[in-house]
Amino acid sequence: MKATIDWTGNASFKATSGSGHSIQMDGPPDHGGENLGPRPMEMLLMGLGGCSSFDVMNILKKGRQDVTACHTELEAERADAVPSVFTKIHLHFVVTGHNLKEKQVQRAVSLSAEKYCSASIMLENAGVEITHSHEIREAD
């Protein structure tokens, strides 16, 4: 896996993935940025959410659950001192579908957290406290 980062002025950078996708990252105005994109630490948090959500959906599809939507909310706390690393992250999955089974949704979230989500496991191994919760909503 590869990526490149190119400075585009002030506190702004263009990140390009090895698969050819780009996103603009930028700092806040008080650090010389223009708020043109997410902060690098926000990208890390979004990457964790994407990794976990991918796993949960993959597991639920294999379990033949009729999922119509999956919305994941992440909330993180950071250390007050520099480096301002993540200390706690909570992921809350809101899974919507038809006749979803509680046990299978719980299993999907647990398997992602404990076995499959490389980002989550890596951050936990680095000392970040990561917690998970979920709720199920019936689709219309």
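**Close-up views of a predicted model**

No disulfides are counted in this structure, which is a predicted model rather than an experimental one.

**View 1. The cysteine pair Cys51 and Cys117.** A disulfide requires two cysteine sulfur atoms within 2.5 Å of each other, and the sulfur of Cys51 is 3.1 Å from the closest cysteine sulfur, which belongs to Cys117, so the two are too far apart for a bond.

**View 2. Asp55 in helix 1.** Asp55 lies in helix 1, which covers residues 40-62, and although Asp55 is buried, it has no salt bridge. A salt bridge would need a side-chain nitrogen of Lys or Arg within 4 Å of a carboxyl oxygen, but the nearest side chain of opposite charge, that of Lys62, is 9.0 Å away from Asp55. The side chain of Asp55 does reach the backbone nitrogen of Cys117, at 3.1 Å. When neighbours within four places in sequence are left aside, Asp55 is in contact with Ser112, Tyr116 and Cys117.

**View 3. The two assigned domains.** The domain assignment of the protein gives domain 1 as residues 1-38 and domain 2 as residues 40-138, and the C-alpha centres of domain 1 and domain 2 lie 25 Å apart.

Methods:
Residues numbered from 1 in each chain as written. Predicted model: local features only at pLDDT ≥ 70, side-chain atom pairs only at ≥ 80, totals over all residues. Heavy atoms only, no water. Domains from an automatic or database assignment. Helix = DSSP H or I, 4+ residues; strand = E, 2+ residues; numbered from the N terminus. Buried < 20%, exposed > 50% of the residue type's maximum accessible area, 1.4 Å probe, protein only. Lys, Arg positive; Asp, Glu negative; His and termini not counted. Polar contact = N/O pair within 3.5 Å; in protein donor to acceptor, adjacent residues only side chain to side chain. Contact = heavy atoms within 4.5 Å.
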